[in-house]
Amino acid sequence: MRIGLLAPPWIPVPPPAYGGIERVVALQAAGLAAAGYDVTLVAAPGSAVPGVRVISPLDALPAQIGMATDEWRHVLGGLDALADVDTVIDHSGPLGALLSAQGPVPALHVVHGSLEGELLGLYDGLVARAPQLRLVGISRSQRHAAPHLPFEGVCYNAVDVAEVPFRASSEGYLAFLGRMAPEKGAAEAIALAREAGLPLRIAAKCREPAEQAYFQREVAPHLGPDVVFLGELGRDATYDFLSRAAALLFPISWREPFGMVLVEAMACGTPVLATDRGAVSEIVRDGVTGFVRNTTAELAAVIGRIGEIDRAACRSHVAEHFSSAALVRSFATLLTPTPGLRVLTPAAPMVFSAPTPSIRPLPAQHDLSRIPAAFPARRAAG
């Protein structure tokens, strides 16, 4: 069976730093190819996935995210390149949803955003103009937010667990990882850490004007020896940062459609302290892989209980439910079955070059405060 994947045009697959959608697409492409599917990936310049044919309609990365001309060229060129596949799985956004749904090849469109407000209205309009549109959700919460939309199913996002380092013990600091945006809760994370008297390390994407404005207004004035901003980290540095943390703080205030950082932290063995918004309670098992509470005040009350969480249980939870193998299995149930599927010899991937954003190195281990008494290690059974 020939499968075409259409990624967004803005960031290479896999991404050099920030890029949750692109990382999931990379895992899906590699996993489907390993399962015997003939996979063609349409993605931004600089993309390369072993065992997968890669096509980039654009000559260079767009100067900024959201350029309409670049998006149209990418999607139109991509769908032309995928004209001979059996199924298209579109991750590129609403434009890709509209055009792929009206094409000759059966298509699934993965909704990566929160279905409320303007985005929900946009999808209502897409369905009205393309009744054959078939959607895939990334969480039950996201799907339940718009039960009238034509969802085929839910396929959770995933991480490659084998690439994620596991640490059985922490170095005592709290971590925040995400976009520098009000709904992600960096300011609330600072307040939680300060109330608990624990050091906080913040790693966050802060490129867009709105992100920079929020940082200057709500975060920068509160930085100090106990609250350190690390900038945007590369993938290896991000995993090292998460694996050494006592817990990840995730005090969001919006309907999170999935929350990749939750899975990444737990794969490292790091428990999660999160507010119960969107898909959080589908991903974090309260009392087993962290604590989920309705308010930040309730989260503050359980920070001292982090030592109750078995870090190995966090990783096992991810391996079972949010691994690349689980992602491939879930999508396979939505694909049109083809009798006699055989393992194909994939074409060599096309390799491109792309600029890599500057990465601020993680401080050396001795620069991070250790507070072993705050989180007594859980004693092994027996």
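The legends below describe several close-up views of a predicted model.

In this predicted model, local features need pLDDT of at least 70 and side-chain atom pairs count only at pLDDT 80 or more, while totals for chains, interfaces and linings use all residues. Residues are numbered from 1 along each chain as its sequence is written, and side-chain values use heavy atoms, with hydrogens and water left out.

View 1. The protein has 13 helices and 13 strands, where helices (H or I, at least four residues) and strands (E, at least two) are DSSP runs numbered from the N terminus. Among contacts (heavy atoms within 4.5 Å) between residues at least 6 apart in sequence, 70% join residues at least 24 apart.

**View 2. Helix α1 and what covers it.** Helix α1 (residues 20-34) reaches 21 Å from its first C-alpha to its last, close to the 21 Å expected for its 15 residues, a span defined as 1.5 Å times one less than the number of residues. Since 11 of the 15 residues are buried, α1 is largely enclosed by the rest of the structure; among them are Val 24, Val 25, Leu 27 and Leu 32. The cover over the buried residues of α1 includes the strands β1, β2 and β4 together with the helices α8 (235-243), α9 (260-267) and α13 (324-332). Just after α1, Gly 36 takes a positive phi of about 110°.

**View 3. The crossing of helices α9 and α12.** The axes of α9 and α12 (residues 311-321) come within 7 Å and cross at roughly 125°. That angle makes α9 oblique to α12, because angles under 35 degrees count as roughly parallel, over 145 as roughly antiparallel, 65 to 115 as roughly perpendicular and the rest as oblique. Axes here are lines fitted to C-alpha atoms, for helices over the stretch in contact, and angles run from 0 to 180 degrees between N-to-C directions. Val 263, Met 266 and Ala 267 of α9 meet Cys 314, Arg 315, His 317 and Val 318 of α12.

Conventions: Buried < 20%, exposed > 50% of the residue type's maximum accessible area, 1.4 Å probe, protein only.
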